[in-house]
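Here is a short report on one protein chain. Keep the sequence and the structure in view while reading.

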Amino acid sequence: VQLVESGGGLVQAGGSLTLSCEVSGSIFIILDMGWYRQASGAERELVAAVTSGGMTDYADSVKGRFTISRDNAKNTVYLQMNSLKPEDTGVYYCKVKFSAGRNGLDYWGKGTLVTVSS
């Protein structure tokens, strides 16, 4: 299984970026998909998640600025990030839950760095 993230980079405060995470190599159905981030010296935290049915969840800090979406035909999840702030800086990781085992099986991407300059 491979999760390939792309779209990170350097952007000025107030700018926008779109992250993508493409999943390949799995024989299992994809259930939940989500984005997490980890700032330097901090714990990894949930940014946004979307279920197989399309229900979404966001961290309070990104509500109204970020939008998560998924394209099931392409096995890809996106994170549209607008009005970026310096505190959004961090490594963004894609996480996918597959329909394997009793509780599902989680896979993580390797992360993509987002840097927001003030």
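## A tryptophan to start with

Trp108 is partly exposed, at a relative accessible area of 36%.

The model is predicted: local features need pLDDT of at least 70, side-chain atom pairs count only at pLDDT 80 or more, and totals for chains, interfaces and linings use all residues. Residues are numbered from 1 along each chain as its sequence is written, and side-chain values use heavy atoms, with hydrogens and water left out.

## The aromatic cluster

Trp108 and Tyr93 form an aromatic pair. The pair is edge-to-face, with 6.5 Å centre to centre and 80° between the planes. Rings of Phe, Tyr and Trp (its six-membered ring) pair if their centres lie within 6.5 Å; planes under 30 degrees apart are stacked, over 60 edge-to-face, and the rest tilted. This pair links distant parts of the chain: Tyr93 sits in strand S9 (residues 90-98) and Trp108 in strand S10, 15 residues apart. Tyr93 is buried, at 13% relative accessibility.

How many aromatic pairs does a search of the whole structure find? The count is three. One of them joins Tyr36 and Trp108, again edge-to-face, at 4.9 Å centre to centre and 65° between the planes. Here too the pair links distant parts of the chain: Tyr36 is in strand S4 (residues 30-38), Trp108 in strand S10 (residues 105-108), and 72 residues separate them. Tyr36 counts as buried, at 17% relative accessibility. Tyr36, Tyr93 and Trp108 form one aromatic cluster.

## The whole chain

The chain has eleven strands and zero helices. Both are DSSP runs numbered from the N terminus: helices are H or I with at least four residues, strands E with at least two. The radius of gyration is 14 Å, close to the 13 Å that the globule rule gives for 118 residues, so the chain is as compact as a globular protein of that length. That radius is taken over C-alpha atoms, and the rule is 2.2 Å times the number of residues to the power 0.38. Along the principal axes, the C-alpha atoms fill a box of roughly 45 × 25 × 25 Å.

Of the 118 residues, 36% count as buried. The accessible surface comes to about 6500 Å², and 49% of this belongs to carbon and sulfur atoms. Areas come from the Shrake-Rupley method with a 1.4 Å probe; for residues, only the protein chains shown count as cover. Contact means heavy atoms within 4.5 Å. Among contacts between residues at least 6 apart in sequence, 53% join residues at least 24 apart.

The chain carries 11 positive and 11 negative side chains, and the centres of the two sets lie 3 Å apart. Lys and Arg count as positive, Asp and Glu as negative; His and the chain ends are not counted. Each charge is placed at NZ of Lys, CZ of Arg, CG of Asp or CD of Glu.

Is Leu79 buried or exposed? Leu79 is buried, with a relative accessible area of 0%. It lies in strand S8 (residues 76-81). Leaving out residues up to four places away in sequence, Leu79 touches several residues, including Leu17, Trp35, Val47, Phe66 and Tyr92. Leu79 and Ser6 are 73 residues apart along the chain, and their C-alpha atoms are separated by 10 Å.

Ser20 is found in strand S3 (residues 17-24). It counts as buried at 19% relative accessibility. With residues up to four places away in sequence not counted, its contacts include Val4, Ser6, Trp35 and Val77.

Gln38 is in strand S4 and is partly exposed at 27% relative accessibility. Beyond four places away in sequence, Gln38 touches Glu43, Arg44, Gly90, Val91 and Tyr93. Gln38 and Met55 are 17 residues apart in sequence and 23 Å apart in space, C-alpha to C-alpha.

Asn75 is in the loop between strand S7 (66-71) and S8. Its phi is near 50°, a positive value in a residue other than glycine. Asn75 is partly exposed at 33% relative accessibility. Ser83 lies in the loop between S8 and S9. Phi of Ser83 is near 50°, a positive value in a residue other than glycine. Ser83 is partly exposed, with a relative accessible area of 41%.

Terms used
Buried means under 20% relative accessible area, exposed over 50%, partly exposed in between (1.4 Å probe, protein chains only).
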